[in-house]
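Here is a short briefing to read alongside your structure. Have the viewer open and follow the topics one by one.

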Amino acid sequence: MDYMKEYICSDKFITDSSEIFNITLLDKNGERQEFTSAKFHISKITKNYVVFQNIAYFDGQVVISKSHNDECCSFQISVKNNSNLIIESVKFPIVRIPCKLKGDGGNDTIFWPSLEGTLIERASNKYYSNAIDNFGGGYTGLAPAGVSMQFMSIYSDKKGLYFGTHDKDCNFKDFEYY
């Protein structure tokens, strides 16, 4: 995890990722269409934001804004929809972190915001999750509801990475990890 902050705060995190976001759209019949960032092209990159577009799949654009200082990086996503499709969900950011949990012979622990907080130290420990049956795998938590806090983290005894939302309106969100 030593290189993670430098990578996540860089442009490469957004531009090189094959799937930094996923958008699910519904047509007038309620049929789902999913699009990942891999189906979009980058139409503009500046110091503060990246614009994704692909009119062949989706009449609109996705803008990812970023800022960072010595302590943290922040990202925001904005989706402009000019199509007749309804946005059902936007998954962002999709972050892939190579790690090995303590119970699996590594040094890392995941803080999961369930109830008063749960430490996950074994990847196979899914004792309270029905996500495999209902969501395709991993752990999922809805806020505000099933998870009591709007953040999660992964850390070792030397480094850590905090993922959180700073949402004063407490909009619906889903925290997942696989």
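This is a predicted model: local features need pLDDT of at least 70, side-chain atom pairs count only at pLDDT 80 or more; totals for chains, interfaces and linings use all residues.

**The four-stranded sheet**
- Four strands form an open sheet in the order β9-β8-β11-β12, and their pairing is antiparallel.
- At the edges lie β9 (118–120) and β12 (160–164), each of which pairs on one side only.
- On average, neighbouring strands of this sheet are turned by 15 degrees against each other, direction ignored.
- Within the sheet, β8 (residues 109–112) pairs with β9 in the antiparallel sense over 3 bridges.
- Isoleucine 110 has isoleucine 120 of β9 standing opposite.

**The β3–β4 hairpin**
- A hairpin through 3 residues joins β3 to β4.
- Strand β3 covers residues 41–45 and strand β4 residues 49–54; the two pair in the antiparallel sense over 4 bridges.
- Opposite isoleucine 45 stands valine 50 in β4.
- As background, strands of a sheet pair through backbone hydrogen bonds, either parallel or antiparallel.

**The protein as a whole**
- Of the 178 residues in the protein, 32% are buried.
- Looking at contacts between residues at least 6 apart in sequence, 47% join residues at least 24 apart.
- The protein exposes about 11100 Å², and carbon and sulfur atoms supply 49% of that area.

Key. Residues are numbered from 1 along each chain as its sequence is written. Side-chain values use heavy atoms; hydrogens and water are left out. Two strands pair if DSSP finds at least two bridges between them. Axes are lines fitted to C-alpha atoms, for helices over the stretch in contact, and angles run from 0 to 180 degrees between N-to-C directions. Buried means under 20% relative accessible area, exposed over 50%, partly exposed in between (1.4 Å probe, protein chains only). Contact means heavy atoms within 4.5 Å. Accessible areas come from the Shrake-Rupley method with a 1.4 Å probe; for residues, only the protein chains shown count as cover.
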